Amino acid sequence: MTSDAEDTNLLAALGRRWAKTMAKVLAQKVIVGPNIQKLRHHLEPTSNIYGHTRYATFSTDVADSRRQHIDMNCPNSFVRTLRAANISQRLCQSTPRATRSAFTRPLHRQFTNTSRRADKQAADDPNFTSILDAPPQIVRAGKRHGPGIILLALIPITAFALGTWQVQRLGWKTELIAKFEDRLVRDPLPLPPTIDPSAIHEFDYRRVYATGTFRHDQEMLIGPRMRDGKDGYMVVTPLERENGTTILVNRGWINKAHRDPRTRPDSLPKGKVTVEGLLREPWKKNMFTPENRPEKGQFYFPDVKQMAELTGSQPVWVEVTMEPEFMKMMDFEARGIPYGRAAEVNLRNNHAQYIFTWYGLSVATAIMLFMVLKKPASSITRRVQATKNF
């Protein structure tokens with residue numbers, strides 16, 4: 001009889017334990033709120049060890065309930081549960097009520113052996129900075145290099161091509177200067193009566209001489225022109241020759257103070273004169289030079305064709321040459337006499353500098369391109385590329 005009562009009590013304790021366990025399991029899967037009231041209607045009332053009838057409810061501490069676990073499928077756990085329930089009921093019969101709660105607490109098995117987190121976390125520190133607060137970093141998840149690598153690859157190729165072109169220009173300019181200097185050392189030729197303007201190119205920088213009379217009434221000043229830091233003009237006077245043809249002669253530079261012909265009577269020779277100088281091609285106007293105003297007597301560059309039509313001359317341009325003597329030049333400047341240019345080739349030849357510049361740029365950008373292509377990807381980029389298609 002006694003064994004039947006003990007079995008009955010043991011089964012009752014097992015039922016109560018089972019109800020509590022199911023309630024806690026459901027508490028982990030059911031949202032706390034109105035569903036609690038619905039779930040209570042489906043739970044059977046159970047009598048605790050004190051004889052009071054109550055419903056099995058959810059634990060208010062959700063975090064604590066999730067850390068508790070009872071594996072009812074394990075035989076050892078099931079046996080330990082039956083024994084604990086039986087021992088608790090027997091102790092409660094002979095133990096004061098104040099101490100019963102200590103023996104009636106259910107035995108729980110920890111889900112993990114890891115100790116609880118400290119109460120004070122790193123995020124509680126006001127000076128704490130999370131990695132989420134850091135500025136975003138753009139990482140290329142696809143190809144390592146974008147369209148910019150094409151531009152970087154074109155720079156050394158283009159620079160190398162320009163350097164090679166400057167090598168060709170250097171050879172051409174060197175030959176041209178040598179040809180002009182060869183013409184300078186030759187004896188001057190008499191200027192023929194009639195000159196074909198298209199053939200002047202073959203005699204550029206050729207020394208020539210002509211005899212005639214200056215037409216000072218048709219004198220033209222081109223300027224302003226700087227010489228040794230002083231402002232002045234180039235004096236262009238038509239030379240009427242004995243055969244009746246006229247050519248344009250650039251006599252040289254005068255100071256701005258002698259612009260008026262009346263201030264320089266020594267610069268207006270009368271009668272026949274012989275002029276020796278260089279036969280030159282017509283000048284080319286650049287984009288920064290303003291247009292000439294012949295109606296106002298203002299000439300900013302030597303437009304040979306325009307000036308020839310204005311004076312009725314042939315489009316032939318001769319520049320008077322003189323020896324660069326300092327004392328003679330100072331005397332001519334003081335008296336307002338035009339001082340001619342030196343018999344030399346004044347063509348600029350800076351192509352060697354351009355070659356060094358372009359080839360240097362080509363080598364530097366080629367090294368940069370090699371470093372960019374060989375640079376390994378960062379660790380972040382490798383992780384993103386590895387997980388792109390994960």
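## Cavity and pocket terms

On a 1 Å grid over the protein atoms alone, a cavity is a set of points where a 1.4 Å probe fits but can't get out, while a pocket is an open set with protein on both sides within 12 Å along at least five of seven lines; lining residues have an atom within 4 Å of a point. Points are joined across faces, edges and corners, and a volume is the space filled by probe spheres set on them.

This is a predicted model, where local features need pLDDT of at least 70, side-chain atom pairs count only at pLDDT 80 or more, and totals for chains, interfaces and linings use all residues. Residues are numbered from 1 along each chain as its sequence is written, and side-chain values use heavy atoms, with hydrogens and water left out.

## The largest cavity

The largest cavity holds about 40 Å³ of space. Its lining is Leu 191, Val 208, Tyr 209, Ala 210, Leu 239, Ile 247, Val 249, Val 275, Gly 277 and Val 318. β6 gives the largest share, three residues.

## The largest pocket

Now for the open one: the largest pocket has a volume of about 1600 Å³. It is lined by 47 residues, and Tyr 205, Arg 280, Trp 283, Asn 346 and Leu 347 are the closest to its centre.

Domain 1 (146-187 + 348-385) and domain 2 (206-342) both contribute to this lining, so the pocket lies between them; the bounds come from an automatic or database domain assignment. α6 supplies the largest share, seven residues (helices are DSSP runs of H or I, at least four residues, and strands of E, at least two, numbered from the N terminus).
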